[in-house]
Amino acid sequence: MEVHISDDEKLFLIHGVEQDIRNDGRACADFRPMILERGVLSGTNGSCRVQLGQTTDVLAGIKLELEAYDPIAEKQPKQPMSFHVDFSANASSQFAGKGGDQYGEELSAAFQVAYSRSLDIIPNLSKTQLAAGYRWKIHVDISVLQWAGSVPDACSLAIIGALSDLEIPEVDVTPDDGGKVSIVLKRPRIGGDVRDEEVPVAMWKLIVTSCPMLLTVSKIGTANLVDCSPEEECCIRSQLLIGVAKNLESTPESDDANEYDITCVKQHGGGLLEMESIDDMTKLATRTAKGLYEAIGNRLNTEEKRKPGHSFLL
Amino acid sequence: MNIFANIPFMKYLSFLLLLFTFFVILFIIFVSRMPTIRSNLSIPLTHLNRIDDVRMETDDVEKRSATAFRPLCVKCGVFGAQDGSGYAEFGNTRVLAQITGPEGDGKWEEAYAKVTITLKGVENETKVAELRADMTSSLSAVIFVNKYPGKVIDIEVTVLSDDGGVLSTAITAVTLALAHSGIEHMGLTASAHVTLRQNGDYITDPSTSEAEDAIGGVTFAFVPNLGQTTCVNLYGRIPLKATSPLLEFARQRAIALVPAIHKAVVNSVKERK
């Protein structure tokens, strides 16, 4: 879907947002209604689908892999997550053929930057480090099925949803011959006459309350906006991709400034910016992130489990 | 009571002396804040296929102050055959930029120029995508694309060696190449890479080994004559309240580079004459 709007329509939109009223009735710092559902893909270890404003549709799936690496070459533990964003040609005609590849690569790189310190940010992520030379690798694959503005925001919500859905098996690590280790899935004995293979494997989950979010903040006229619709994206002067992560170590009564860390800022798609604008835009991003963390926290707590083996299409 | 007060000439002299020392102090402060500039351009073309050659390494820089850049070399116009070329070197990070165009490729027919960036010499694909995105964004902001309808501007960036701060070095090289090519743009871009340590110290233009204990950093590029930012690339994990002082520090450092870039452009004009 390509958007063609006239100069007068653009002017109307720009004057509107400068008065803090957007064409769909939202204020500049408001998000569109969103849908988040987990456990939508049975072939993954964790999955999530996020729909923003009924039109932007994003699907995130996580696959786990037991990875062997060289502990001598890698002294510092590496961040175990890798991201791949794929734009479906069905999302928009601009992604047809190889059109979405470049943007997808850029977005994956941005997520990689935003999550580069996730070992410090997510409290129990270091548990993916099993033994010297072995770790769980977390592959996050995101497909953008429909495009109607602010894809990075939808992707980051989908990533958090999928990470919260991700179940990682507990393992027993025992030393083996030749300085190696053997890794065996942990099956807690529940007693009774059950064969070992039928006992379910113990699983653990990541704590996602502090996962980094990648938000777009756009400058239209003199106003800063979050969650832009396609029409609004035509009027953007410049855009920042801002990664915000909650700082769990800060005390709750301290002010907002201590509560959040910035993990990534990228100017995106050209355009010029004043220094003061960058400051204002990061502040808006953290304010937005605060609301989003709350909303996503509530949703993750109250969401009902989907019947296993059923995809969201059924 | 000034003992020379009764002799008019001596009074005058003491005043002059004071003024002189004042200027000397000012000059020293100014010089110490200026980046060290290596005047000789030496692209070791014979060693290009052996980047990790020991001869490529500059001597270890002793402890620098927090505001000092690594020894740098900037050059506007390296090759005659290209439409534009530029070279920038900060310590052991060396980047060469070449521009072909604006010219028609027979396919592009929009009312504005297409700017494409090809990166060479970087192995990691994620890194390539990241660098390309930042550079495309930064460049498309300054080039007047509407003045070249139906044309393609092809920018080839070759990273000869990477020792930290590739993005800022590459932006500097490209801005020099752009100046050399004569493509109309809003102005030169000055860019600096700065990292932040856990204890709140800043490091200007760190090499890879110097940046090891950093908690995060930023590459900041802006157009000095407009005072507007074209590229911000912040990474790591930086507390919210530390971000704007860090950006301001990076901006100050980028301003310190402006004279060096101007000089390179002026030199290239002289050479052409």
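Student: What do E11(A) and E12(A) form, and how many residues lie between them?
Tutor: In this predicted model, E11(A) and E12(A) make a hairpin with two residues between them. A:Gly221, in the turn, has a positive phi of about 60°.
Student: In which sense do these two strands pair, and over how many bridges?
Tutor: The pairing of E11(A) with strand E12 (residues 223-226) of chain A is antiparallel and runs over four bridges. Within this pair, A:Ala223 of E12(A) is opposite A:Ile220.
Student: And how does E11(A) pair with E13 (residues 238-246) of chain A?
Tutor: That pairing is also in the antiparallel sense, with seven bridges between E11(A) and E13(A). Here A:Leu214 stands opposite A:Gly243 in E13(A).
Student: Is strand E11 (residues 213-220) of chain A buried or exposed?
Tutor: Eight of its eight residues are buried. Both faces are covered: A:Met213, A:Leu215, A:Val217 and A:Lys219 are on one side, while A:Leu214, A:Thr216, A:Ser218 and A:Ile220 are on the other.
Student: Let us change topic. How many residues does the largest nonpolar core have?
Tutor: The largest nonpolar core has 140 residues. Those with the most contacts inside it are A:Ala158, A:Ile242, B:Ala170, B:Ala173 and B:Val174.
Student: Which element gives the largest share of this core?
Tutor: Helix H3 (residues 166-181) of chain B does, with ten residues.
Student: What does B:Val174 touch?
Tutor: Leaving aside residues up to four places away in sequence, B:Val174 touches B:Gly86, B:Ala97, B:Met135, B:Leu139, B:Ile155 and B:Val157.

Note on methods
Residues numbered from 1 in each chain as written. Chains lettered and ligands numbered in written order. Predicted model: local features only at pLDDT ≥ 70, side-chain atom pairs only at ≥ 80, totals over all residues. Buried ≥ 20, exposed ≤ 12 C-beta atoms within 10 Å, placed from the backbone. Pairing = 2+ DSSP bridges. Core = buried A, V, L, I, M, F, W, Y, C linked by C-beta atoms within 7 Å. Contact = placed C-beta atoms within 7 Å.
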